[in-house]
Amino acid sequence: MHTFAFMIHPLDINDIARKFGLLGKLPPRLVEGLFKYSPPIKVSRITGVCSPHARAEGWFVACPITARLMVELPEKQVLNKIIQTGKLAQKLGAKILGLGAFTSVVGDAGITVAKNLDIAVTTGNSYTVATALEGAKEAARLMGHDLQKCHAVVVGATGSIGRVCARMLARDVRSLTLVAREKKRLEELSHKILYETGVAARVTSDIKQALQNAQIVITVTSAVDTIIGPEDLMPGAVVCDVSRPRNVSKQVAEKRKDVLVIEGGVVEVPGEVNFNFNFGFPPGMSYACMAETMMLAMEGRFESFTLGRDLSLQQVEEISRLARKHGFRLAGFRSFERAVSPEEISRIRERARAALAMAGVK
């Protein structure tokens, strides 16, 4: 049996309260502070991952510090907690470890963690990119957009996920804007995209200005707070939010009924998987980063497949091939923890068309 583990952590104090109900009655900062000193936690056993070619089983292991603390605590302290959690996975018998949420971006994005463990490590970013792009393009099609006429924006474009998303998306759209803080890195990426595709991508650090005329938005930053609000998007925009915590405010869903926000990388796992833990998805569904860990285990490829900040197009294409082989696939669309039906997308599309018509936009 091929074995794996996947590392999770509480995004905020509500995640701790959900798992340890009584602690939810204590002051949030007190609970957060107590968990800072907690040892790694074995959360659950994962069973039933099965394709016609292979089977795998694994564990969820938790690094018990919140996203806020991962940003605020000294990097060395956070890395030590992640490594300790990795050693728990190793002790349980896992042969490959996936890093989830902020554990995949701290420090050098998994390289130091892998050097301190005797098992393979992956961030899952390769399959995250593949599913984000597939989902965004399919959602845009359902919203009535012609990709070749679309203006797209990638927020967080200089990160490992954003960079490859931008390079691959540039193949399909009319124009592209790259958003990040560091101008030099943005310009380097823009030049690379121009060389590869002929698309002259614009660069900016001004998110709000960039989003004004975007039909497609992929957002993938490590921001702790939301950075996209209901006033930032044009009618008919499709936003694929890959980030955890989210980049898109929940107010967008509440106030903008003419905009489609989807979660990046929601995947149907082959077999009758039982995670024995509720992380907010329907049965049989996982994040793409989890799925990458599972499919590498099923393939017997106990190697550090996706590490660091240099993600290649070849890695994304290879992991997409493995997904097809083992039956992992995009699982429809979800938005803020709930499924989005084709009928709801049709209603959003019609409201967007009406709003654009009123504004005199063709």
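Strands S9 and S10 run parallel and are joined by four bridges, strands being DSSP runs (E, at least two residues) and helices likewise (H or I, at least four), numbered from the N terminus. Two strands are taken to pair if DSSP finds at least two bridges between them. Within this pairing, Ile218 stands opposite Cys240 in S10. The model is a predicted one, in which local features need pLDDT of at least 70, side-chain atom pairs count only at pLDDT 80 or more, and totals for chains, interfaces and linings use all residues. Residues are numbered from 1 along each chain as its sequence is written, and side-chain values use heavy atoms, with hydrogens and water left out.

On its other pairing, S10 is joined to S11 by four bridges, again in parallel, and Val239 has Val261 of S11 as its bridge partner. S10, helix H10 (residues 250–255) and S11 together make a right-handed β-α-β unit, meaning that, with the strands pointing away from the viewer, the path from the first strand over the helix to the second runs clockwise.

These strands belong to an open sheet of six with parallel pairing, in the order S8-S7-S6-S9-S10-S11. S8 (202–204) and S11 (260–263) stand at the edges with a single partner strand each, so one side of each lacks a neighbour in the sheet. From one strand to the next, the twist averages 15°. Helix H6 (residues 125–142) lies across S9 (216–219), S10 (238–241) and S11, and runs at about 160° to S10; axes are lines fitted to C-alpha atoms, for helices over the stretch in contact, and angles run from 0 to 180 degrees between N-to-C directions.

Ser190 lies in helix H8 (residues 183–197) and counts as buried, at 10% relative accessibility.

Turning to charged pairs, the whole structure holds 21 salt bridges, each defined as a side-chain nitrogen of Lys or Arg within 4 Å of a carboxyl oxygen of Asp or Glu. One of them joins Lys208 and Asp232 (3.0 Å, N to O). Because Lys208 lies in helix H9 (residues 207–211) and Asp232 in the loop between S9 and S10, this pair ties together parts 24 residues apart in sequence. Lys208 is partly exposed at 44%, whereas Asp232 is buried at 4%.

Other salt bridges lie within helices. In H6, Arg141 and Glu138 are three residues apart, about one helical turn, and their closest N and O atoms are 2.7 Å apart; Glu138 is partly exposed at 30%. In H12 (residues 313–326), Arg321 and Glu318 are also three residues apart, about one helical turn, with closest N and O atoms 3.0 Å apart. Arg321 is partly exposed at 36%, and Glu318 is partly exposed at 21%. This pair takes part in a network of salt bridges that links Arg301, Glu303, Glu318 and Arg321.

Terms used. Buried < 20%, exposed > 50% of the residue type's maximum accessible area, 1.4 Å probe, protein only. Contact = heavy atoms within 4.5 Å.
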